[in-house]
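Open the structure in your viewer and keep the selection tool ready. This tour moves from paired strands to charged side chains.

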Amino acid sequence: MKFPDLTSMCIRKIISIAHAGVLAFVCGFMALPAAHAQQRLDASVSIQVSANVVDPAEEAEIEVVTARGMDLRGASQEANIITVDPTLSFRAGKLVASGEPGASFRISYLPTRELSNVEGTGFLFFEYDVSGNNVDEQDTSELFEAETPPLQFNQDGDFYIWVGGRIDLANAAPGTYEGEFTLEIEYI
């Protein structure tokens, strides 16, 4: 991921939540049982998330905490696709971002990632869906595109984020799959 020129960002802060460096928190360990080619496929998917803070202006910090990991066991499946709706499913992962009360920010992320089988061949395509709300109400959360319009922390400085998506099992083999999910939160 390439960050913009930080010299022109004197009042911005970027938090990159990615699989890198020191593990700050875990988005979830997910067990993924599914049918594949008329047989049962047992695999596990591990998405590790950490926060790297680039703070050029020493402004208020943003903290991101995983409140609930994504749970794919028993998730909706049609053909080779498993789906978790971030606006409605209790299986969606949940993050809480805390920053300056009332401050405006944007969220951006890479919506599609390939997860590799660390035990051999095979891969999974994970197409992420992300929703958010400044109140802790998942069913009224707004589904985001890869880059959001301006958002705002609530009066307590919190913003709630739910992560779901679709996993394509067409090229999956039994094993353990690892990958990354990158989410940026930028003050504006």
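Two strands count as paired if DSSP finds at least two bridges between them. The model on screen is predicted.

**Stop one: strand β8.** Select residues 104-109, which form β8. Zoom in on tyrosine 109: leucine 183 in β15 stands opposite. Next, show β12, residues 151-152. β12 also pairs with β8 in the antiparallel sense, over 2 bridges. Here phenylalanine 105 has leucine 151 as its bridge partner.

**Stop two: aspartate 71 and arginine 91.** The whole structure holds 5 salt bridges. Select aspartate 71 and arginine 91 for one of them, at 3.7 Å from N to O. Aspartate 71 sits in the loop between β4 and β5, arginine 91 in the loop between β6 and β7, 20 residues apart. Buried or exposed: which is arginine 91? Arginine 91 is buried, at 17% relative accessible area. Aspartate 71 is partly exposed, at 21%.

**Stop three: lysine 94 and aspartate 136.** Their closest N and O atoms are 2.8 Å apart, in a salt bridge. Lysine 94 is in β7 and aspartate 136 in the loop between β10 and β11, so the pair ties together parts 42 residues apart in sequence. Lysine 94 counts as buried at 13% relative accessibility; aspartate 136 counts as partly exposed at 44%.

**Last stop: glutamate 127 and arginine 166.** Their side chains meet in a salt bridge at 2.8 Å, N to O. Glutamate 127 lies in β10 and arginine 166 in β13, so this pair ties together parts 39 residues apart in sequence.

Conventions
Residues numbered from 1 in each chain as written. Predicted model: local features only at pLDDT ≥ 70, side-chain atom pairs only at ≥ 80, totals over all residues. Heavy atoms only, no water. Helix = DSSP H or I, 4+ residues; strand = E, 2+ residues; numbered from the N terminus. Salt bridge = Lys/Arg side-chain N within 4 Å of Asp/Glu carboxyl O. Buried < 20%, exposed > 50% of the residue type's maximum accessible area, 1.4 Å probe, protein only.
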